[in-house]
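Hi,

Here is the structure I promised to pass on.

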Amino acid sequence: MSPALRPMNAADLDQVLRIENNVHAYPWTRGNFRDAMNSHYLCQVYEMDNEILGYAVLMLAVDEAQLLIIGIAAAYQRQGLGGRLLGEIMNAARRLNLQRIILEVRPSNVVALGLYRKSGFSELALRRDYYPSAAGREDAMVMEYLL
Ligand SMILES: CC(C)(COP(=O)(O)OP(=O)(O)OC[C@H]1O[C@@H](n2cnc3c(N)ncnc32)[C@H](O)[C@@H]1OP(=O)(O)O)[C@@H](O)C(=O)NCCC(=O)NCCS
């Protein structure tokens, strides 16, 4: 079996949060995921054999979307799954007739930057001192992909 996307629901949150707390330095909380689901964002899990391998949340606005979060469980990273998950999210956005996906990423997150560049995202702008960080504040790179 290969992994497949399906909508995230409340019963998934224990598994999703276990991954999220493990892979993100500034993890989303249960409340963040709940709010995203209640706001009808596109919240998807990437699942194989009843095991959640990853997830992504896309905030939809008129004809564009913002990728708010994406994660792959540590044990499954670096096997191409992040790229496949992002590709499926991009296809879902296309099916919704969206025109572009934007996202913000810490320039220090070289793995995510590599993933986005490889998936065809280009750099749009730098937001100075956008994120909290160990050193105080960190910039955000804004990237876009035209669908
Ligand atoms: C970012 C993330 C989703 C990538 O998932 P993944 O399954 O490891 O990614 P893939 O195996 O599909 O790799 C895709 C590309 O990302 C880049 N990449 C992945 N791991 C990398 C690493 N350790 N170092 C540098 N680049 C890396 C590469 O460009 C890679 O392509 P390649 O394998 O052909 O070289 C995963 O690392 C993750 O969950 N990270 C923590 C959460 C996070 O930072 N999310 C993004 C911000 S919300």
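This is a predicted model: local features need pLDDT of at least 70, side-chain atom pairs count only at pLDDT 80 or more; totals for chains, interfaces and linings use all residues.

Residues are numbered from 1 along each chain as its sequence is written.

**Overall fold**

The chain has 4 helices and 7 strands; these are DSSP runs (H or I of at least four residues for helices, E of at least two for strands), numbered from the N terminus. Read from the N terminus, the order is β-α-α-β-β-β-α-β-α-β-β. The radius of gyration, taken over C-alpha atoms, is 15 Å, close to the 15 Å that the globule rule (2.2 Å times the number of residues to the power 0.38) gives for 147 residues, so the chain is as compact as a globular protein of that length. Its C-alpha trace spans about 40 × 35 × 30 Å along the principal axes.

Of the 147 residues, 26% are buried. Here buried stands for 20 or more other C-beta atoms within 10 Å of a residue's own, exposed for 12 or fewer, and partly exposed for anything in between, with C-beta atoms placed from the backbone. Contacts are pairs whose C-beta atoms, placed from the backbone, lie within 7 Å. Among contacts between residues at least 6 apart in sequence, 56% join residues at least 24 apart.

**Strands**

Strands count as paired if DSSP finds at least two bridges between them. β2 and β3 are antiparallel, with 7 bridges, and L42 sits opposite L58 in β3. Their hairpin has 2 residues between the strands, and D49 there takes a positive phi near 50°.

β3 also pairs with β4, again in the antiparallel sense, over 8 bridges. This is a hairpin too, with 2 residues between the strands. In β4, A56 has I70 as its bridge partner, while L60 has A65. On to β5: β4 pairs with it in the parallel sense over 4 bridges, and A65 stands opposite I101 there.

In soluble globular proteins, nonpolar side chains tend to be buried together.

Which residues does L58 contact, leaving aside neighbours within four places in sequence? They are Y41, L42, A65, L67, L68, I89 and A93.

The shell has 21 residues (C-beta atom, placed from the backbone, within 6 Å of the ligand), of which Q77, G82, G83, G114 and L115 come nearest. β4, α3 and α4 (110-118) each give two or more residues to the shell, with α4 giving the most, 6. By type, the shell has 10 nonpolar, 9 polar and 2 charged residues. Nonpolar covers Ala, Val, Leu, Ile, Met, Phe, Trp, Tyr, Cys and Pro, charged covers Asp, Glu, Lys and Arg, and the others, Gly among them, are polar.

One more on α4: K118 is in this helix and counts as exposed because it has 11 C-beta neighbours inside 10 Å. K118 and G83 are 35 residues apart in sequence and 8.2 Å apart in space, C-alpha to C-alpha.

Cheers

Technical notes:
Two residues are in contact if their C-beta atoms, placed from the backbone, lie within 7 Å.
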